[in-house]
Amino acid sequence: RHGSVDYDYLVTAVGAVPNTFGVPGVEDNCMFFKEIVHASRFRREVNERFERATLPDVPEERMRELLTFVVIGAGPTGVELAAELYDMVYQDVAKMYPSRLIPFVSIKIIDLQEKILSAYDRRIAEYATDFFQRANIECLLNKQVGEVRPDAVVITDKITGEKSEVPFGLAVWCSGIKLNPLCEKIMDSLPEGTQENRRSLACDKNLRVNGSNGSIFAVGDCATIVRPRSMSKAMELYKSAAKCDDAGDCEIDLDKDQIKAALTKGVEEFPHLEEVVNNIDDKFAVFAQANGRCTFDGFSKMLTEVDNGLRALPATAQVAKQEGEYLAAFFAQCDGDAARLIGDETKFEYNHKGSLAYIGKDAAVADIPGFTIVKGIAAGVIWKSFETISQVSVRNIFLVASDMIRTKLFGRDISRFVD
């Protein structure tokens with residue numbers, strides 16, 4: 001049933017959708033892990049693989065294939081999924097199914113980078129990678145996925161170019177997000193030139209969508225805040241390093257490492273520049289000269305292209321929560337005053353509370369600003385505590401806490417739900 005709803009002000013909080021990057025076979029042969037229904041289906045599918053493996057006369061090779069679980073993408077979602085799967089299999093499923101199946105279980109994680117959690121601090125990435133390897137979670141790193149077939153993932157080694165296949169019983173795609181189709185329609189309805197970033201809705205610092213005359217707001221994964229000052233700062237840093245004059249004529253051209261070093265000096269004041277630095281590798285060769293150096297003009301074009309593909313803030317729950325709380329308070333303050341809603345100069349300020357990721361066996365990694373990096377069981381306690389107290393209501397806090405305690409004492413409920 002279709003209809004229309006009139007509005008004075010629209011708040012878009014539809015999030016994002018999984019991005020397959022055009023890899024053939026992903027939608028047909030992989031699960032996604034983005035919504036609650038995906039989590040329910042994943043648990044059901046894992047149980048089903050074990051039940052198939054217990055059937056009489058199943059050959060060992062078929063058992064090994066059924067019980068091979070592949071996670072594609074080693075960001076926080078992929079890593080935490082692999083870790084929880086490891087705990088579920090070895091702490092709970094192993095008690096419910098014949099022990100002869102356990103030697104055939106294999107959990108693999110595939111990523112293009114050389115470490116898992118590569119966007120985190122280097123020490124965290126190295127610790128998490130080593131932890132996974134010691135837990136016999138196979139890390140297939142520096143590997144690019146070229147195709148997902150019904151029974152195997154085709155990967156290419158980024159360094160050697162060698163192709164190989166990874167057979168699986170269940171594959172889960174956790175390798176990025178893209179713009180929600182609804183947001184694409186909103187973009188297309190706005191004046192030309194107001195939405196250059198096609199990855200998310202570009203907003204001002206008050207979360208008003210550019211080009212909407214203050215009638216549309218956006219929060220969460222579907223929104224990005226335009227940061228023109230950080231790009232100006234990047235230009236200043238290049239000019240300083242290359243000894244350029246006001247007209248852009250420089251004494252020297254910079255190579256990739258020099259550009260990264262120059263931009264890193266501005267990260268503390270403009271955190272967005274860190275993402276720019278991390279994404280220069282893929283673009284530098286396109287805009288560099290034959291001698292491996294980049295002119296000021298080439299740098300400007302590269303910076304524009306890199307920035308158009310980035311978000312000003314990470315696509316995390318803590319960002320969406322802070323944006324939602326800010327916008328609710330802003331609407332309350334404006335009290336229906338149309339002039340303030342459209343023209344108020346109040347701006348959203350993100351307060352980064354740190355990065356956490358669970359890596360299995362009650363361990364986690366945590367990067368807490370102004371404190372330190374915590375790894376292992378202590379970080380696991382921090383992770384579980386933060387996940388509990390961050391719930392939206394006191395009722396949910398008690399429900400989550402009781403679930404964690406019950407799971408620790410009695411194990412997970414691995415009952416199958418039939419649709």
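A word on the model: it is predicted, so local features need pLDDT of at least 70 and side-chain atom pairs count only at pLDDT 80 or more, while totals for chains, interfaces and linings use all residues. Residues are numbered from 1 along each chain as its sequence is written, and side-chain values use heavy atoms, with hydrogens and water left out.

Let's start with the cysteines. How many disulfides are there? Taking a disulfide as a pair of cysteine sulfur atoms within 2.5 Å, the count is 1. C244 and C250 form a disulfide, with their sulfur atoms 1.9 Å apart. The link of C244 and C250 is right-handed, with 95 degrees about the S-S bond.

Buried or exposed? I call a residue buried under 20% relative accessible area, exposed over 50%, and partly exposed in between (1.4 Å probe, protein chains only). C244 counts as buried because its relative accessibility is 17%, and C250, at 24%, counts as partly exposed.

C30 is in no disulfide, and the nearest cysteine sulfur, that of C174, is 9.2 Å away. C30 is at 7% relative accessibility, so it counts as buried. C203 is in no disulfide either, with the nearest cysteine sulfur, that of C222, 7.3 Å away. C203 is at 0% relative accessibility, so it counts as buried.

Next, the glycine. At 8% relative accessibility, G298 counts as buried. G298 and V286 are 12 residues apart in sequence and 9.1 Å apart in space, C-alpha to C-alpha.
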